[in-house]
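Hello,

I hope they are handy while you look around.

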Amino acid sequence: MVTFILNDETISTGRPSGYSLLDFIRYDMGLTGTKTGCREGDCGACTVLVGTAEGDRVTYISAVSCLMPLVNAHGRHIVTVEGINTDKISTVQQAIVDHSATQCGFCTPGIVMSLTAESLAARKTTPETAVASVSGNICRCTGYKSVEKAAAVIASALSDKQLSDPVSWLVDMGELPAYFLSIAERLSGIPPLPPEPAGARGVGGGTDLMVQKADLLAESEIVTFIDRKGLKGIRDDNGRCIIGAATTISELEHSELLKRQIPDLPSVIQLIASEPVRNMATVGGNIVNASPIGDISVMLLALNADVMITDGRQERTMPLKSLFLAYKKLDMREGEYIRSVVFNCSNDPPLFSFEKVSRRTHLDIASVNSAISLRMNGDTIVECHLSAGGVSPVPLFLNRSSAFLTGRKVTRETLLQANELIQEEISPISDVRGSKEYKRLLLRQLFLAHFLKLFPGRLNLSIDEL
Ligand SMILES: Cc1cc2nc3c(=O)[nH]c(=O)nc-3n(C[C@H](O)[C@H](O)[C@H](O)COP(=O)(O)OP(=O)(O)OC[C@H]3O[C@@H](n4cnc5c(N)ncnc54)[C@H](O)[C@@H]3O)c2cc1C
Ligand code: FES
Ligand code: FES
């Protein structure tokens, strides 16, 4: 039985653990404030809060309930728009009313929940972070300007937020109902799920699997990787950065350790999905989904990462670049799962760049993406790892091009010669994201963009060459 707290009520359900939280909320519990839109994580109409106990505190994130299997709700606090009611309208709701940021109202509960999650985050809220928090909420009516104005007012109302304990602060301010203060203790009384059924399908955040196999999962018992021991966290182990496979993309975004390695990581990660999807999506899921355009896989290839794979008893480590055998085919055996990814981290990190082109900047998957890491000795490249997505059946490590660049100076001629080699290494196909010729051109441009970004003013490339 999956057990969790839904608003102020502890719920146990015998529904299959792969059943979607959205359907449970609406059709089993009759809480229709949470809306069904796309059922693919794109529209945000189904956004809820997910609270996870950490000691005597509960940390809340926004999540799309359509992609959350019930198993991932076990032992957590799920809050729908009905669950934030107090005897007055909240500042988030009032700002939406005051700025006409609702018209038909279909998207409004999702927007309210995303902004409430931002209020609950243990970090400073600015107008920019408030707007970013609704990056996963699509509205057909308002034109968004009114939502942006409401977000700015909410940010200003949160200027004194107590970052050490936002939940208590919001309760004290009358912004959240008092029952939130009892949740940590109540969650500690929910026992973990019993041992996992052998052979059951495993899920991370569900943001790929629930899109691809929602109907099948709705009737299946599944197991989750997100609560499996040893699969969480980001740490430095003697100069090796170890990222647990169940670490979410949002956790990458906020990691101080990773920001020291890749200073523009937060802005790079803003190019992936939306905030509620990043709050759920895991590193392991991105790799094992094996999409040729998986952004995290492409970044990790350029970081020369290894993957640690286990069957629960024995562990093996292999370079990530060797894991991808063919389209959606991995060098993993039945029963094995990814435990972590590992790469070098140091006080003197390599230069790193990630570039992505998609049909729209946000909430879209790449037509082509690429990442590179470089170590330099003066003008000379002494180590190079170049990767690309969308140009082959797998996320591709560009072996020959990386070797070619190693030992060479960064000049216009070097880059143009390297591009010729890159074009030999890739095999794009025409599809909905562009023709094969367009993808070849895109990768060439992204490759040059890495160097223009990393070596500003150093390259004499004419507009014709770009
Ligand atoms: C709206 C939307 C936008 C998106 N945008 C992007 C984007 O911009 N860029 C991008 O790269 N992706 C994007 N994605 C895809 C997705 O979010 C990512 O691939 C994500 O990292 C998948 O992780 P997950 O934990 O949700 O995977 P899940 O769906 O839980 O799992 C995917 C597969 O991996 C397996 N798996 C999960 N964890 C492990 C593990 N530790 N060991 C072994 N197997 C495992 C599962 O069994 C399953 O087969 C988007 C998805 C949505 C819905
Ligand atoms: S219904 Fe659209 S994101 Fe869930
Ligand atoms: S108010 Fe109608 S979809 Fe947003």
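Predicted model: local features only at pLDDT ≥ 70, side-chain atom pairs only at ≥ 80, totals over all residues.

Residues are numbered from 1 along each chain as its sequence is written, and chains are lettered from A and ligands numbered from 1 in the order in which they are written.

Helices (H or I, at least four residues) and strands (E, at least two) are DSSP runs, numbered from the N terminus. Axes are lines fitted to C-alpha atoms, for helices over the stretch in contact, and angles run from 0 to 180 degrees between N-to-C directions. Two residues are in contact if their C-beta atoms, placed from the backbone, lie within 7 Å.

Arg375 has Glu383 in β17 as its bridge partner.

α19 also packs on another helix. Its axis and that of α18 (residues 412-425) come within 10 Å and cross at roughly 145 degrees. From α18, Leu415, Asn419, Ile422 and Gln423 meet Arg440, Leu443, Arg444, Phe447, Leu448 and Phe451 of α19. By class, this contact of α18 with α19 has six nonpolar, two polar and two charged residues. Here Ala, Val, Leu, Ile, Met, Phe, Trp, Tyr, Cys and Pro count as nonpolar, Asp, Glu, Lys and Arg as charged, and the others, Gly among them, as polar.

Now to the wider layout. The chain is assigned domain 1 (2-84 + 180-224), domain 2 (91-176) and domain 3 (228-466), with bounds that come from an automatic or database domain assignment. The centres of domain 1 and domain 2, taken over C-alpha atoms, are 22 Å apart. Their contact takes 21 residues from domain 1 and 19 residues from domain 2. On the side of domain 1 that touches domain 2, β3 (47-54) and β4 (57-64) each supply at least two residues, and β4 gives the most, with six residues. The residues of that side are 13 nonpolar, five polar and three charged.

β3 and β4 belong to an open sheet of five strands, ordered β2-β1-β5-β3-β4, with mixed pairing. β2 and β4 are its edge strands, each with a single partner, so one side of each is left without a neighbour in the sheet. From one strand to the next, the twist averages 30 degrees. β3 and β4 pair in the antiparallel sense over eight bridges, and Val50 stands opposite Ile61 in β4. Helix α3 (residues 108-120) lies across β3 and β4, at about 25 degrees to β3.

Finally, where does ligand 1 lie? Domain 1 and domain 3 both give residues to the shell around ligand 1, so ligand 1 lies between them. Of the 31 residues around ligand 1, Gly41, Gly204, Gly205, Gly284 and Gly285 come nearest (a residue is near a molecule or strand if its C-beta atom, placed from the backbone, lies within 6 Å of it). α14 (283-289) and α15 are among the elements that each supply at least two residues of this shell, and α14 gives the most, with five residues. The shell around ligand 1 divides into 15 nonpolar, 12 polar and four charged residues.

Methods: Pairing = 2+ DSSP bridges.
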